[in-house]
Amino acid sequence: MLRHQVKGAKMAVETAAAEGEGGLVFHPMDQFIVEPLFGDGPVHWYTITNATLWMALAVVAVVALMVLATSRRATIPSRGQSIAEMAYGFVYKMVEDVAGKDAVGFFPYVMTLFMFIVFANFLGLIPMSFTTTSHFAVTVVLALAVFLTVTIYGFMKNGTKFLGLFWVSSAPLALRPILAIIEIISYFVRPVSHSIRLAGNVMAGHAVIKVFAGFAAIAVISPVSVVAITAMYGLEVLVAFIQAYVFTILTCVYLKDALHPGH
Amino acid sequence: MEGDLAHIGAGLAAIGSGAAAIGVGNVAGNFLSGALRNPSAAASQTATLFIGIAFAEALGIFSFLVALLLMFAV
């Protein structure tokens with residue numbers, strides 16, 4: 001039933017009525033369609049789409065918070081300034097605690113990642129908006145950037161000692177080749193899981209909200225549906241922050257590997 | 001009711017999210033029981049908690065992805 005590619009709402013309502021069990025008026029994945037902002041036509045790499053718009057809005061929001069709110073630095077901070085300082089301190093402490101004191105050179109990068117993801121997630125929670133972080137294309141680029149940074153910096157800083165990451169020196173000698181294979185596989189799965197975790201969580205949550213919204217068309221269970229949407233939305237606000245936090249903290253964990261390889 | 005084996009496969013893949021729920025519950029529950037024994041050490045370990053939850057959850061998300069691929073890509 002979910003597979004119905006519904007062309008028009010009217011037809012969908014008729015389908016739902018005909019099936020007698022209440023089909024979805026819209027497809028729950030429709031909200032993730034990337035479409036050009038002006039006119040319609042094929043989407044090229046340079047086409048300005050709704051994804052472009054909402055990513056740009058996320059950047060604007062980050063700049064507004066981090067630059068404008070802190071431009072008039074006051075001893076007694078305004079609300080904007082205290083939020084900006086709180087975010088700064090939060091990420092700085094995370095880099096220092098998880099990745100180590102010598103990783104603070106990477107703080108600007110980690111801060112940028114965190115602020116972009118957190119704002120993209122929260123902007124996606126505005127009704128009728130577009131969630132850029134629900135697209136694998138977006139999160140894969142973010143995760144690959146982290147992966148390449150870690151790999152290249154690890155080899156630059158440690159040379160061939162970086163390969164010690166795969167050679168578990170605390171294990172018995174006979175086990176080490178097997179462990180090395182496992183470690184290498186898990187190393188290369190990192191960008192996959194890193195990106196899919198963010199996109200999957202955000203996409204799943206938004207799709208669930210839409211599925212519940214589809215049930216609101218049926219009078220008998222519509223109150224349940226409204227309550228469920230509200231509850232899911234509250235959970236999504238939490239998830240939006242936690243997933244940004246998890247993405248950032250895993251970046252720090254991977255950076256620690258680049259700085260201090262070996263077990 | 002339309003449907004084919006891919007739909008059944010997608011439903012089977014959804015079992016994986018239940019398994020991930022067990023994993024995440026394990027991590028969080030063990031953290032809580034440890035934290036209640038020694039509350040003063042708990043605050044310093046929240047980062048470890050989230051890392052553990054993230055790793056446990058990743059495999060559940062993989063199964064979700066398999067379900068999505070079966071629904072829309074096959």
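A: The face of α3(A) turned away from its buried side carries A:R79, A:M86, A:G89 and A:K93, which are exposed. Helices are DSSP runs (H or I, at least four residues), numbered from the N terminus. This is a predicted model: local features need pLDDT of at least 70, side-chain atom pairs count only at pLDDT 80 or more, and totals for chains, interfaces and linings use all residues. Residues are numbered from 1 along each chain as its sequence is written, and chains are lettered from A in the order in which they are written.

Q: Thanks! Which residues of α3(A) are buried?
A: They are A:A84, A:V91, A:M94, A:V95, A:V98 and A:A99. Seen down the axis of α3(A), these fall within an arc of 100 degrees (taken from the directions from the helix axis to the C-beta atoms), so they line one face of the helix.

Q: What do the buried residues of α3(A) pack against?
A: In chain A, α2 (50-68), α4 (107-124) and α7, together with α4 (46-72) of chain B. Contact here has C-beta atoms, placed from the backbone, within 7 Å.

Q: New topic: how many residues does each chain give to the contact?
A: Chain A gives 14 residues and chain B gives 11. The largest share of chain A's side, six residues, comes from α6(A).

Q: And what follows α3(A)?
A: That's A:G100, with a positive phi near 105 degrees.

Definitions and conventions
Contact = placed C-beta atoms within 7 Å. Helix = DSSP H or I, 4+ residues; strand = E, 2+ residues; numbered from the N terminus. Buried ≥ 20, exposed ≤ 12 C-beta atoms within 10 Å, placed from the backbone.
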